[in-house]
Amino acid sequence: MKFEQLNLIEPLLRAVQAEGYDEPTPIQQQGIPHVLAGKDLIGCAQTGTGKTAAFALPILQRLVAANRNRQGGVIRALVLSPTRELASQIGDSFAAYGRHTRLKHAVIFGGVGQQPQVEAVRRGVDILVATPGRLLDLMNQGYVRLDTVEIFVLDEADRMLDMGFIHDVRRIIRALPAKRQTLLFSATMPEAIQELARAILTNPVYVEVTPQATTVEKIDQSVFFVEKRDKRALLEHVLRDTAIRRVLVFTRTKHGANKLVQQLDRANIQAEAIHGNKSQSARERALGNFRSGRTRVLVATDIAARGIDVEGVTHVINYDLPNEPESYVHRIGRTARAGASGVAWSFCDSDERAYLRDIEKLIRLRVPVVADHPYASPQAMPAPQPNGQANGHPRGANPQTGSARRDGRKPSRRQWHGDRRNGNG
Ligand code: AMP
């Protein structure tokens with residue numbers, strides 16, 4: 001299916017093309033027509049499925065279409081997000097997809113000064129993306145009014161609940177006009193979310209997509225505790241193993257990806273980078289070289305790696321751990337394609353241990369530790385916990401053997417997310 005078939009207007013199609021999207025993801029294919037038609041919608045989808053565009057594109061289109069008889073500057077769409085990271089990503093998405101429209105957006109969240117946010121709202125925005133706490137603050141101070149909102153999106157509803165924002169969310173919903181379009185997205189649909197959905201949606205369409213990468217258990221995962229400054233040397237060390245025929249290395253930033261390629265180059269390890277700052281043709285060239293085997297090491301950022309489907313990726317290396325645990329699943333899912341088994345190694349420095357904990361909770365596996373490597377760092381290693389739950393399953397120098405073990409513990413969603421982010425609403 002093509003984006004053109006979704007009846008999106010030309011300015012949006014152009015923006016989507018500039019993003020390098022070839023075709024709509026399943027949640028976009030299934031969701032966009034309903035949202036364009038003005039229906040309420042429940043989307044059961046995780047981050048990484050393309051759900052942001054699934055609501056942002058049709059919202060932009062509906063606001064553009066109905067723009068003529070409206071005065072500008074009043075808030076017409078509100079997107080509530082549980083975390084500031086997600087809120088700013090959503091803001092970036094509206095900026096990217098809406099770049100050929102004249103619609104304005106602003107993002108507001110806690111933990112930073114409110115003045116720039118107040119001024120942005122005062123200048124006039126069509127779309128407001130917000131975390132609940134800060135939004136309520138600004139509403140209570142009289143800076144934000146929601147009585148003109150036509151479309152309301154509650155994103156990551158289950159996480160809102162887990163983070164204890166439900167009362168704030170309900171208070172915000174009470175300030176919205178009763179006549180509105182409502183979209184609710186949630187990765188899971190526990191009873192509490194279903195109940196909320198019944199209360200705030202009218203005859204919703206239900207769309208569910210499964211995450212693309214659910215193959216974690218087939219992948220042989222290990223973690224190397226290492227100081228940040230030693231990561232490059234460790235990478236060069238492990239890349240000496242010729243069993244690593246085709247390896248995808250993930251960095252958190254575009255800059256990090258470029259730097260790493262240069263450093264590998266100096267060590268005579270030929271590598272190429274693929275990320276959002278590269279032109280479409282440069283990305284395709286790098287990918288082509290990687291596919292054909294001319295390039296053994298492809299360094300990528302999460303966004304650039306979306307949609308990369310290369311057969312025979314033997315290894316995925318998380319040079320930086322992702323701060324979104326879902327990204328880990330997507331990254332390592334690039335190996336072990338089509339029934340093949342793959343290997344995923346993660347380099348974890350002392351600042352990244354919390355990310356590792358989040359990942360282990362999400363995948364419900366303890367990732368075995370490679371303790372015996374030349375850059376092993378006792379400082380980066382977590383201290384064993386009294387309950388024996390610390391990540392302390394050492395494993396030998398050959399990480400290819402053995403596999404990640406289930407730890408038998410089934411943490412609740414609250415535990416999964418409750419300790420991850422807080423205080424940024
Ligand atoms: P989301 O689930 O909204 O967080 O999106 C995950 C990632 O997928 C984002 O980096 C988007 O830029 C990217 N993305 C969204 N839609 C598409 C598409 N149709 N094709 C390729 N990538 C996409």
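Reader: What is the strand order in the open sheet of 7 strands?
Author: The order is β3-β4-β2-β5-β6-β1-β7, with parallel pairing. Strands are DSSP runs of E, at least two residues, and helices are runs of H or I, at least four, both numbered from the N terminus. Two strands pair if DSSP finds at least two bridges between them.
Reader: Which strands stand at the edges?
Author: β3 and β7 (205-208) do. Each has a single partner strand, so one side of each lacks a neighbour in the sheet. Neighbouring strands are turned by 15° against each other on average, direction ignored. The axes behind that angle are lines fitted to C-alpha atoms.
Reader: How many bridges join β5 to β6?
Author: 4 bridges, between residues 151-154 and residues 181-186. Phe-152 has Thr-182 as its bridge partner in β6.
Reader: Before I go on, what kind of model is this?
Author: This is a predicted model: local features need pLDDT of at least 70, side-chain atom pairs count only at pLDDT 80 or more, and totals for chains, interfaces and linings use all residues. Residues are numbered from 1 along each chain as its sequence is written, and side-chain values use heavy atoms, with hydrogens and water left out.
Reader: What is the mean pLDDT of the chain?
Author: The mean is 84, and 85% of the residues reach 70 or more. pLDDT is the predictor's confidence in each residue, from 0 to 100. Over residues 387-425 the pLDDT is below 50, yet this stretch has 107 contacts in the model beyond near neighbours in sequence. Contact means heavy atoms within 4.5 Å. Where pLDDT is low, predicted coordinates should not be read in detail.
Reader: New topic. Is Thr-101 buried or exposed?
Author: Thr-101 counts as buried because its relative accessibility is 14%. The cut-offs are under 20% for buried, over 50% for exposed and partly exposed in between, with a 1.4 Å probe and protein chains only.
Reader: Where is Thr-101 found, and what does its side chain reach?
Author: Thr-101 is in the loop between α4 (84-97) and β3 (105-108). Its side chain reaches the backbone oxygen of Gly-98 at 2.8 Å. A polar atom of that side chain also lies 3.3 Å from the backbone nitrogen of Leu-103.
Reader: Which residues is Thr-101 in contact with, neighbours within four places aside?
Author: Leu-12, Leu-60 and Val-64.
Reader: And what do the buried residues of α4 pack against?
Author: They pack against α1 (10-18), α3 (51-65), β2 (77-80), β3 and β4 (127-130). Among those buried residues are Leu-86, Ile-90 and Phe-94.

Technical notes
Polar contact = N/O pair within 3.5 Å; in protein donor to acceptor, adjacent residues only side chain to side chain. Axes fitted to C-alpha atoms, helices over the stretch in contact; angles between N-to-C directions.
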